[in-house]
Amino acid sequence: MHTGTLKQILLITDGCSNQGENPAHIASIVAEQGITVNVIGILEDEQSEQPEGLEEVEEIASCGQGVSQIVYREMLAQTVQTVTKQAMNETLQGVVNKELKQIFGNEKTMEELPPDQRGEVMEVVDELGETCDLEVLVLVDTSASMTNKLPTVQEALIDLSISMNARIGRSRFAVYQFPGRKKSIHLLVDWTSKLESISTIFAKITSGGITPTGPALKEAMYQFGKKTLRRRFIKDDYTDIEEA
């Protein structure tokens, strides 16, 4: 069973988008392209209740067929890893369910199998989780209210990169901030397998301004595949040369 490359957008924000298209609507368009949209909403340490902006977090993830979590800043690092892995497993379960339906006809999904068979299928999902290729585009809200949260975001992303590289399959990451200076998003780290370089980049981020989450998600969708294709051509050329 080949799953191809799993593609995820991981949106890290502290609330209300306030410019451009409805981000939940954009998230559903992104999901139609086979890219899940996962959202982490960060609460201020002293906030006891969830501000209204963070309701949008759940709606965006739901429309983007992804996972959402709302966390306090100090819990961010483990949450980033958990959300990424959970989204990966849910996507893979969807892939496996499709295969089961082809094998057994429409009536069977994983939940409806007898326990021993379900266990076997879960092993397949775990195995795929270890071996599939993963591309995660991290979209970081750098509007004014996020300023004090960015150092924590940076640590969380380095941790994510380390944990995902412990898998057998290839993991690749790109990091964009929004709003950009001239566009809705701005590239911080181009597609790479390790995010160690991120600390120098985060030091230079200027935060402030509006939160155009919808336009940022739409622009992020177009960043998948660009680099992969170019690299694949280069790799194929090299293979051809070596074989010749």
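This is a predicted model: local features need pLDDT of at least 70, side-chain atom pairs count only at pLDDT 80 or more; totals for chains, interfaces and linings use all residues.
## About the model

Local features need pLDDT of at least 70 and side-chain atom pairs count only at pLDDT 80 or more, while totals for chains, interfaces and linings use all residues. Residues are numbered from 1 along each chain as its sequence is written, and side-chain values use heavy atoms, leaving out hydrogens and water.

## Overall layout

Let's start with the whole protein. There are eight helices and six strands (DSSP runs numbered from the N terminus: H or I of at least four residues for helices, E of at least two for strands). Along the sequence they follow the pattern β-α-β-α-β-α-α-β-α-β-β-α-α-α.

Of the 244 residues, 46% are buried (under 20% relative accessible area; exposed is over 50%, partly exposed in between, with a 1.4 Å probe and protein chains only). Contact means heavy atoms within 4.5 Å. Among contacts between residues at least 6 apart in sequence, 76% join residues at least 24 apart.

## Helix 1 beside helix 7

The axes of helix 1 (residues 23-32) and helix 7 (residues 213-221) come within 8 Å and cross at roughly 15°. Axes here are lines fitted to C-alpha atoms over the stretch in contact, with angles from 0 to 180 degrees between N-to-C directions. The two helices are therefore roughly parallel (angles under 35 degrees; over 145 is roughly antiparallel, 65 to 115 roughly perpendicular and the rest oblique). Their crossing is left-handed, with the near helix turned anticlockwise from the far one by less than a right angle.

On the helix 1 side, Pro-23, Ile-26, Ala-27, Ile-29 and Val-30 take part, meeting Thr-213, Gly-214, Leu-217, Lys-218 and Met-221 of helix 7.

## Helix 3

Helix 3 (residues 76-104) has 29 residues, which at 1.5 Å a residue should span 42 Å; its end C-alpha atoms are 41 Å apart, in agreement. The expected span is 1.5 Å times one less than the number of residues.

Its buried residues include Leu-76, Val-83, Met-88 and Leu-100. Among the partners that the buried residues pack against are strand 1 (5-13), helix 4 (115-131) and helix 5 (150-165). Just after helix 3, Gly-105 takes a positive phi of about 85°.

## A loop residue

Ile-168 sits in the loop between helix 5 and strand 5 (171-178). Ile-168 is exposed, with a relative accessible area of 66%. Not counting residues up to four places away in sequence, Ile-168 touches Glu-130 and Thr-131.
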